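This report goes through one structure part by part. Please look at the sequence and the model first.

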Amino acid sequence: TLFRSLLGVAYGNGVFAAVGATGTILTSPDGVLWTRQNAGTTTSFRAITYANGRFVAVGELGVVTSIDGINWTPHDPGIGATLTSVAFGKGLYVAAGITRVPPEPAIVPVILTSPDGETWTRQTNGVPTNRFDLNGVAFGNDQFVAVGGSSTGVVLTSPDGINWSNPTLQPSLPILGAVTFGGGQFMAAG
């Protein structure tokens with residue numbers, strides 16, 4: 001039953017860490033034997049990364065960090081966002097997701113950056129206010145790429161995680177749910 005709602009996994013500092021619903025964090029030294037850890041929150045986590053000497057997990061209304069995968073510290077980005085993905089590059093953690101715009105229940109994309117996973121800044125330069133989801137972010141080839149969509153796929157790019165391009169609509173693609181970098185190229189799926 002521990003593995004029912006896991007949504008992300010990362011490896012670092014000799015430990016695998018998996019995250020999921022209602023504050024679930026599991027760690028394993030070998031990927032076989034898993035131990036539940038106390039996240040200090042009941043936030044449902046969507047993604048995790050290990051970079052720059054720490055784990056950073058993001059999710060619904062919260063972020064947690066850990067150096068060793070055992071001891072976790074919750075942080076509040078302060079904007080009521082659901083963060084769906086996190087990546088690291090150029091000295092910054094970059095998290096992507098959605099937030100609601102009062103007084104309407106409309107959702108808009110949101111991108112946050114942090115030098116340490118603890119203090120977060122909302123980026124607005126080039127981040128559109130269109131109503132679409134951002135579901136994934138990755139770093140590679142000296143740039144960040146964020147993907148998502150509403151009725152069609154959307155791709156945003158940034159050289160630094162702070163300044164973002166206007167979204168490129170991908171009408172031939174479905175809503176993009178994830179992106180990664182490897183083998184010299186970005187790969188997105190939807």
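## A hairpin

E17 and E18 form a hairpin with two residues between them, and Gly-183 in the turn has a positive phi of about 60°. Strands (E) are DSSP runs of at least two residues, numbered from the N terminus. Strand E17 covers residues 178-182 and strand E18 residues 185-189; the two run antiparallel and are joined by five bridges. Phe-181 has Phe-186 in E18 as its bridge partner.

## Basis of the model

The model is predicted: local features need pLDDT of at least 70 and side-chain atom pairs count only at pLDDT 80 or more, while totals for chains, interfaces and linings use all residues. Residues are numbered from 1 along each chain as its sequence is written, and side-chain values use heavy atoms, with hydrogens and water left out.

## An open sheet

An open sheet is formed by four strands in the order E13-E14-E15-E16, with antiparallel pairing. Two strands pair if DSSP finds at least two bridges between them. E13 and strand E16 (168-170) are the edge strands, each pairing on one side only. On average, neighbouring strands of this sheet are turned by 25° against each other, direction ignored; the axes are lines fitted to C-alpha atoms, and angles run from 0 to 180 degrees between N-to-C directions.

Within the sheet, six bridges pair E14 with E15 in the antiparallel sense. Thr-157 in E15 stands opposite Val-145.

## Nonpolar cores

The largest nonpolar core has 14 residues, of which Val-94, Ile-111, Leu-134, Val-137, Ala-146, Leu-156 and Trp-164 touch the most other members. Such a core is a set of buried Ala, Val, Leu, Ile, Met, Phe, Trp, Tyr and Cys residues joined through side-chain atoms within 4.5 Å. At least two residues of this core come from each of strand E10 (92-101), strand E13 (133-140), strand E14 (143-149) and strand E15 (153-158). E10 gives the most, with three residues.

Another core lies apart from it and has 13 residues, among them Val-58, Ala-81, Val-86 and Trp-120.

## Ser-44

Ser-44 sits in the loop between strand E4 (35-37) and strand E5 (45-51). Is Ser-44 buried or exposed? With a relative accessible area of 17%, Ser-44 is buried, since buried means under 20%, exposed over 50% and partly exposed in between (1.4 Å probe, protein chains only).

A polar atom of the Ser-44 side chain lies 2.9 Å from the backbone nitrogen of Thr-22. Beyond its neighbours within four places in sequence, Ser-44 is in contact (heavy atoms within 4.5 Å) with residues including Gly-20, Thr-22 and Glu-60.

Technical notes:
Polar contact = N/O pair within 3.5 Å; in protein donor to acceptor, adjacent residues only side chain to side chain.
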